[in-house]
Amino acid sequence: MALNDKKVINGWAMYDWANSVYSLVITSTIFPIYYASVTVAKDGNDLIDFFGMRIINTVLYSYGLSFSFLVLAILLPVLSGIADYSGNKKNFMKFFAYLGSISCAALYFFTGRANVEYGIICSIMASIGFGGSLVFYNAYLPEIATPENYDRVSAKGYALGYIGSVLLMIVNLFMVEKKEWFGFSTDPSTFLGDPTLPSRVVFVTVGLWWASFSQITFARLPKSTSKEGEGNIISKGFNELVKVWRSLKHLPKTRNFLIAFFFFDMGVQTIMYLAATYGSDELKLKSSVLILSILVIQLVAIGGAYLFAYVSKLRGNIFSLSFMICLWLICCISVFFVNKTDTHVEHEFEGVALLVGLVMGGIQSLSRATYSKLLPETDDHASYFSFYDVCEKVCIVLGTALFGFMQQITGDMRNSVWPLLVAFIIGFIVLQTAKSPKLKAVD
């Protein structure tokens, strides 16, 4: 199939539209709020039983996410090697997409403390489905576009993702806040009056949205070709993985970019996953303020993705990424000085959210595009992108762990900002060693 085919690129970008509702609704807003409310006892006790263990509800949720990322970090390099060898990238992508969407919809049956094990397992499976599908989705970028178009195409995907997730999120918010508009009852003694029902229906809408719009992507993406040869496909997959690992020794720019990405993305992902927790627990902001701020972040991120793609066109990828890392540093320093006792704490937090939104879309889309440009001529795109995705998963585990550890030893969540500052600084320094003619401005 010819590169830069508009229909194929639009189909590829639609997967961002399809799956980004998971990130916004399940990871960032409605599900965490729902989970916290239904796992706290009427007397305010937040200790729950999980397979016989007594554990704080929020700690259990964090451990569940961390476990899902660890599973992905272990599993994806092997699966991507198998996918490259067998030519089954699309089938693997379908499997994880359906796993994630079905798991989201299955959260409908999660009602609280009585079946918390079920709820945690579903959330873990949804996270694995989301992260697993992305490694194969990202690996398609070098197969559908030429290098000079990576930045623009990657930005298009992220922009569509932000737009789609915000649209469904607005509907979901009305479903929860104005439930009578959707046929729910205000009588708690009836089935339709169950106060948890609107949120549980929201989880079903996320699963349906994800699975339905994915069909556009699956219909338009080309089928990868398999490699000739006989033998056990699992061992062949391992061989692909080993070959990619060895090749990185001879690709210093690619290797250095992965190291830089590991550090600066540690800061990015930790902020994305824990911003709402920081605003709620440290700054004591209302849930309405937090949700509004997250929506603002999503909307601003659309413009940020295209803005920094344009900056990279003028000044190159490394300059654009370096500039965004500096803005992330400003975000960290600014939020450290925001205090819950400040008169205008809500406006200060919203101001930081605006800046976060601007650089969030840009740094995610441009990182994916930059790595694509640094890949050698190869058919093993899924194998190479597995390293990229493993870096992301491991940095999430490490970043969130450091965030919690700093709060534990200092007793102040604000001090958790300092490890993120260090991560951004290291990422900035190492990124300068990844400069390559492939990343120069487009003439």
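How many of the 23 residues of α1 are buried? The count is 18, so α1 is largely enclosed by the rest of the structure. Buried here means under 20% relative accessible area, with exposed being over 50% and partly exposed in between, using a 1.4 Å probe and protein chains only.

Before going on, a word on what you're looking at: this is a predicted model, where local features need pLDDT of at least 70, side-chain atom pairs count only at pLDDT 80 or more, and totals for chains, interfaces and linings use all residues. Residues are numbered from 1 along each chain as its sequence is written, and side-chain values use heavy atoms, with hydrogens and water left out.

Back to α1, which covers residues 6–28. Helices are DSSP runs of H or I with at least four residues, strands are runs of E with at least two, and both are numbered from the N terminus. From first C-alpha to last, α1 reaches 32 Å, close to the 33 Å expected at 1.5 Å a residue; that expected span is 1.5 Å times one less than the number of residues. At the start of the helix, a side-chain oxygen of Asp5 comes to within 3.0 Å of the backbone nitrogen of Lys7.

Now for the rings. Phe, Tyr and Trp rings (the six-membered one for Trp) pair if their centres lie within 6.5 Å; planes under 30 degrees apart are stacked, over 60 edge-to-face, and the rest tilted. By that rule there are 33 aromatic pairs. Take Tyr15 and Phe218, a tilted pair at 6.5 Å centre to centre with 35 degrees between the planes. Tyr15 sits in α1 and Phe218 in α8 (residues 197–220), so the pair ties together parts that are 203 residues apart in sequence. Tyr15 counts as buried at 0% relative accessibility, and Phe218 does too, at 5%.

Another tilted pair is Phe31 with Tyr61, at 5.9 Å and 50 degrees. Here Phe31 in α2 (residues 30–38) is linked to Tyr61 in α3 (residues 57–86), 30 residues apart. Phe31 is buried at 1% relative accessible area, and Tyr61 is buried at 13%.

Methods. A polar contact is a pair of N or O atoms within 3.5 Å; within protein, one must be able to donate a hydrogen and the other to accept it, and residues adjacent in sequence count only if both atoms are side-chain atoms.
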